[in-house]
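Have a look at the picture first, and then we'll go through it piece by piece.

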Amino acid sequence: MSRTPFPQPREPFLLTVPGIDNSGPTHWQSIWERELPDCQRVDLGQWDRPQRNAWVNRLNLAIAGVSRPVVLVAHSLGCHAVAWWSAMEQPAAGKVLGALLVAPPELDDSPTDERLGAFTPTARGRLPFPSLLVASRNDPYAAFGRSKRMARIWGSQL
């Protein structure tokens, strides 16, 4: 008697979510996209003048367009796009397995770049999936204490 094996879980698909001005060819997100077969950039458009609702809509379409579980890999303002997507779209549990949030800039206390204003204030509320916020103590766009605050607001591990 032959046994039918249990179905194997499918590997997640990585969606990179860049920040302002996109990520150039030597940026770590670009390298991941070239080197990893299951990794693709979300084209958020309006890279030099980001608009929160447009970015949230494009992120939502990209996630919906993937037939597998997704891990979001966000950098800079892309982290805020993920947080606002979660707040505005109230994602169905299960599609997004988790998020890596790298160096989100401070929005609430005099942002260093006027283009960040379209995303203020920082989205409130825990993300409905596990997340890891990566910060440094010398980031010119967010003091470490502010990064800790964002991690707490989003329920992210720091």
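Where is the place of proline 121? Proline 121 sits in the loop between β4 (96-102) and β5. The peptide bond leading from threonine 120 into proline 121 is cis, with omega near -5°.

Before going on, a word on what you're looking at: this is a predicted model, where local features need pLDDT of at least 70 and side-chain atom pairs count only at pLDDT 80 or more, while totals for chains, interfaces and linings use all residues. Residues are numbered from 1 along each chain as its sequence is written, and side-chain values use heavy atoms, leaving out hydrogens and water.

**The overall build**

The chain has 4 helices and 5 strands; helices are DSSP runs of H or I with at least four residues, strands are runs of E with at least two, and both are numbered from the N terminus. Reading from the N terminus, the order is β-α-β-α-β-α-β-β-α. The radius of gyration is 16 Å, close to the 15 Å from the globule rule for 158 residues, so the chain is as compact as a globular protein of that length. That radius is taken over C-alpha atoms, and the rule is 2.2 Å times the number of residues to the power 0.38.

Of the 158 residues, 45% are buried. Buried means under 20% relative accessible area, exposed means over 50%, and partly exposed is in between (1.4 Å probe, protein chains only).

| Residue | Relative accessible area | Class |
|---|---|---|
| Glutamate 33 | 18% | buried |
| Glutamine 46 | 41% | partly exposed |
| Alanine 143 | 49% | partly exposed |

Glutamate 33 belongs to helix α1 (residues 28-35). Setting aside neighbours within four places in sequence, glutamate 33 touches Thr16, Cys39, Gln40 and Arg41. Glutamine 46 is in the loop between β2 (39-41) and α2 (52-64), and its phi is near 45°, a positive value in a residue other than glycine. Alanine 103, in the loop between β4 and β5, also has a positive phi, about 55°, without being a glycine.

Alanine 143 lies in the loop between β5 (131-134) and α4 (144-154). Its C-alpha atom is 8.7 Å from that of proline 105, 38 residues away along the chain. In α4 itself, the buried residues include Phe144, Met150 and Trp154. Their cover includes α3 (77-89), β4 and β5. Just after α4, glycine 155 has a positive phi of about 70°.

**The largest pocket**

Which residues lie nearest the centre of the largest pocket? They are Ile20, His75, Ser76, Leu77 and Tyr141, out of 17 lining residues. By class, the lining has 6 nonpolar, 7 polar and 4 charged residues; Ala, Val, Leu, Ile, Met, Phe, Trp, Tyr, Cys and Pro count as nonpolar, Asp, Glu, Lys and Arg as charged, and the others, Gly among them, as polar. The pocket holds about 290 Å³ of space. On a 1 Å grid over the protein atoms alone, a pocket is an open set of points where a 1.4 Å probe fits, with protein on both sides within 12 Å along at least five of seven lines, and lining residues have an atom within 4 Å of a point.

Definitions and conventions:
Grid points are joined across faces, edges and corners, and a volume is the space filled by probe spheres set on the points. Contact means heavy atoms within 4.5 Å.
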